[in-house]
Amino acid sequence: MSATKDDIYAAIATVIDPEVGFNLVAMGLIYDASCNEEKGAKVTMTLSTKACPLHQMIVTWVKEAVTKIDGVDSCEVELVWEPPWNISMADEDVIKALGGM
Amino acid sequence: MFNISQDFAPPFKLIAPYFRIGTFFYLAASVLVMFFGADIFHLDVYVLSWVHLFLLGFVMMTMLGAMAQLIPVVLEVGHFSVGVFYFIWPLLLLGMLMLVAGFYMAPALLPYGGAVVLVSIIIFVTDALLTLRKTEKLGSIAIRGILLPNVFLLAGLIVGIVMALGFTGAITIDIHSWLLGHVYLLLGGYVIITVMGLSLILLPMFGLSHGFSERPINLAMWLISFGVIAVAMGAILGISSLKILGFLLSFSAVTVYFYQLWIIYKTRARKEHDVWASSMYVAFVSMLVSMVFGAVYLLGGEHKYLLSAFWVLFYGLFGFVIIGHLYKIVPFLVWFERFSPLVGKQKVPMLADMVPTRAAGFQFWLSLTGAVICLAGFLGSSDLVFKSGAAFLIMGALVLVHNVRFMMNFKEGL
Ligand code: HEM
């Protein structure tokens, strides 16, 4: 059986942005995820800044995390800049934690 | 979609010397401040020597290290030849030491020291230009942050070398009219434009600001570029009206730049008060304060206002903007090198865990207190006050050296 969208989100939630200290799902950086019959997963995501020095690495971590799921053999990551990320896409507790004085 | 080359991020051991040496000279400069009097004259050989130690040893050294790391990030391609960074710092260091010795006791060394510095910068600029050619992204960031400041840097160095030849007596020029051109090209054209250009990448990146207009910065860049050109030409050709026009353009550039900073600040999502954020407040407030002192001097104020303007620029803006970023860049580099390969395999630290928070706070307050007391020393023409400020600066610099070492040696969990 191929993985569900929730499985993939749960796997990506283990990937943490070391600068901000939150996981990518909570940050709202993952726009979509799916998995086809051939166990090929596809993740559509963005990054909080275009000039992110961890660009390559974050994509690799997402791929690694997703391919660890039982129902996934391969993972393709599409990095998009539209719509641009903004803080309102993040979870409530992330917004609170970042905005806290 | 991804065609980012493998050498995207330069290795840690290549960049580390820039930050180690930079912080060492911040300490050395702070120790040497002890020997200033509150009534120093800016053309005293001791002061000239110190100025070049601070600017080349600390400011340029750390800025070049940061550029080595940021150029690939901004352009999304690896350096044309990242290995040149092994040569740039030794040359810069050697040239700087020759200049420092030259001003202090051996003027004959000045043109040679200048030539060595020029060679190191030509290497840097050549790599930057060839890297730019590798990318199709010759966007405004590349022009603002990389091309423009380096053109002014080269021009300023050449003017410096001509002055050095004048200083030794090899040629006859009016050094004092060229001086303003040299200073303006390098401090306004190189250091301040670099700060402006990079701040537009780094402030939104660390503050998570989004959806703000970049029109103010583009306008500010035009204004300051013409301002620098006008002042430099006015100084070298001896045309006062051109100088005045240049000063006015520069003041308006800084005003527009502050408007840009304000909108980035308003749209930021991250409001934590870490040492980086506090350092940025001090840095940018210093920029304004320095401008006010500069204006007072230009409108006929005493020499102490000139000293104060430069003091606040050096220890306020340059010092805090650079040191604040060291607390972001150094942990990142170390993390990238040591911990990123372990992601997913074991628990790795967050970048913020690698900053010695309490010690960074101490450094911040010691350096700030020192800078403010020294300023009071200049304004009140009191040696005693000035020297007590210098003592705080030295303590702050010692803590900084400790902090940078701590971050570079961070191995917890390994
Ligand atoms: C090629 C390397 C350089 C050479 C040969 C050089 C040469 C000189 C000379 C001869 C003077 C003093 C002239 C006089 O007696 O009036 C001077 C002053 C000055 N230079 Fe340089 N310079 C160099 C690099 C730099 C750099 C890279 C910066 C800044 C980033 C800089 C900033 C200054 C400043 C601020 C002063 C004025 C200092 C004062 O009035 O106390 N110089 N330089």
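Buried means under 20% relative accessible area, exposed over 50%, and partly exposed in between, with a 1.4 Å probe and protein chains only. These close-ups show a predicted model, in which local features need pLDDT of at least 70, side-chain atom pairs count only at pLDDT 80 or more, and totals for chains, interfaces and linings use all residues. Residues are numbered from 1 along each chain as its sequence is written, and side-chain values use heavy atoms, leaving out hydrogens and water.

**View 1. A:E78 and A:K42 pair up in a salt bridge.** Their closest N and O atoms are 3.4 Å apart; the term asks for a side-chain nitrogen of Lys or Arg within 4 Å of a carboxyl oxygen of Asp or Glu. At 29% relative accessibility, A:E78 counts as partly exposed, and A:K42 is partly exposed too, at 33%.

**View 2. B:K328 meets B:D274 in another salt bridge.** The N to O distance here is 3.3 Å. B:K328 counts as buried because its relative accessibility is 10%, whereas B:D274, at 28%, is partly exposed.

**View 3. B:H52 and B:H182 hold the iron atom of the ligand.** Each is a donor through NE2, lying 2.0 Å from the iron; donors are N, O and S atoms within 2.8 Å of the metal (3.2 Å for Na, K and Ca), and as water is not among the atoms, sites may look incomplete. Both histidines are buried.

**View 4. B:D127 is buried yet has no salt bridge.** The nearest side chain of opposite charge, B:K134, is 7.7 Å away.

How values were computed. Chains are lettered from A and ligands numbered from 1 in the order in which they are written. Lys and Arg count as positive and Asp and Glu as negative; His and the chain ends are not counted.
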